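Please look over the model below before reading on. The points that follow start with the overall layout and then turn to one helix and its surroundings.

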Amino acid sequence: MDHFGEELKKERESRGIALQQITDATKISSRHLVALEHDEFRALPGGVFNKGIVRGYARVVGLDEDVWVDRYMSAYRQSGNVCDDDVSWFAFAENVSRARNAERDRPAERLRWAGVFVLLTALAVVAYFVYGYVHKRMLDMPVHAAEQGISMSVDGPLHDLDSPVLLLS
């Protein structure tokens, strides 16, 4: 890990890739690429930009970006050139990473809410059809006896008002 830049340069040269090709592909200054290959971490812009430089370099060369970023971070910390600004940038980047990981759990939550929405929609559709069926049946049923032609009469005197007798004929 002490020779991060040398190992990076060997990987690039073994694949026959010139620094200019990396510069053209990533728009990273060749000055920064040379500084990276010579472990001159102070010459790099600092903060999360350094990780971006390493990530772009590794991508063009065909290396695993995450592995090489981790190797860079280790070499950078071992170099003793870490400044206070970089420490705060590292903390910021770690917080962003944690937030992104939390967002990855959000699809499960969205799926759960989608299920609730589908269930409520299905219940509303069933309720609509049940209401329509019951309402139609109620309209078809006679409401008043007069509609069916039933006549009601009382025979005899109306002495007992407590128990009226109705005869249907």
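1. Layout. From the N terminus on, the elements of the protein chain run α-α-α-α-α-α-α-β-β. That gives 7 helices and 2 strands. Helices (H or I, at least four residues) and strands (E, at least two) are DSSP runs, numbered from the N terminus.

2. Basis. This is a predicted model, in which local features need pLDDT of at least 70 and side-chain atom pairs count only at pLDDT 80 or more, while totals for chains, interfaces and linings use all residues. Residues are numbered from 1 along each chain as its sequence is written, and side-chain values use heavy atoms, with hydrogens and water left out.

3. Burial and contact range. Of the 169 residues of the protein chain, 22% count as buried. Buried means under 20% relative accessible area, exposed means over 50%, and partly exposed is in between (1.4 Å probe, protein chains only). Take the contacts between residues at least 6 apart in sequence: 52% of them join residues at least 24 apart. Contact means heavy atoms within 4.5 Å.

4. Nonpolar core. The largest nonpolar core has 23 residues, and Phe 4, Leu 36, Tyr 57 and Tyr 72 touch the most other members. Such a core is a set of buried Ala, Val, Leu, Ile, Met, Phe, Trp, Tyr and Cys residues joined through side-chain atoms within 4.5 Å. Helix H1 (4–14), helix H2 (19–26), H3, H4 and helix H5 (65–79) each supply at least two residues of this core. H5 gives the most, with 6 residues. In soluble globular proteins, nonpolar side chains tend to be buried together.

5. H3 against H4. How do the axes of H3 and H4 cross? The axes of helix H3 (residues 30–37) and helix H4 (residues 48–61) come within 11 Å and cross at roughly 90°. Axes are lines fitted to C-alpha atoms, for helices over the stretch in contact, and angles run from 0 to 180 degrees between N-to-C directions. H3 and H4 are therefore roughly perpendicular to each other. The cut-offs are under 35 degrees for roughly parallel, over 145 for roughly antiparallel, 65 to 115 for roughly perpendicular, and oblique for the rest.

6. Who makes that contact. H3 brings His 32, Leu 33, Leu 36 and Glu 37, and H4 brings Ile 53, Val 54 and Tyr 57. By class, the contact of H3 with H4 has 5 nonpolar, 1 polar and 1 charged residues. Here Ala, Val, Leu, Ile, Met, Phe, Trp, Tyr, Cys and Pro count as nonpolar, Asp, Glu, Lys and Arg as charged, and the others, Gly among them, as polar.

7. Burial in H3. His 32, Leu 33, Ala 35, Leu 36 and Glu 37 of H3 are buried. Their cover includes H1, H2, H4 and H5.

8. Glu 37. Is Glu 37 buried or exposed? Glu 37 is buried, at a relative accessible area of 4%. Its side chain makes a polar contact with the side chain of Arg 12 (2.6 Å). A polar contact is a pair of N or O atoms within 3.5 Å; within protein, one must be able to donate a hydrogen and the other to accept it, and residues adjacent in sequence count only if both atoms are side-chain atoms. Leaving aside residues up to four places away in sequence, Glu 37 touches Gly 5, Glu 6, Lys 9, Arg 12, Leu 19 and Tyr 57.

9. Ends of H3. Ser 29 caps the N-terminal end of H3, with a side-chain oxygen 3.2 Å from the backbone nitrogen of Arg 31. After H3 comes Asp 39, whose phi is positive, near 55°. Asp 39 lies in the loop between H3 and H4 and is partly exposed, with a relative accessible area of 23%. In the loop between H2 and H3 sits Lys 27. Phi of Lys 27 is also a positive value, near 65°, and Lys 27 counts as exposed at 70% relative accessibility.

10. Two residues of H2. Thr 23 is in helix H2 and counts as buried at 14% relative accessibility. A polar atom of the Thr 23 side chain lies 3.3 Å from the backbone oxygen of Ile 28. Leu 19 is also in H2, and is buried at 17%. Leu 19 and Val 61 are 42 residues apart in sequence and 9.9 Å apart in space, C-alpha to C-alpha.
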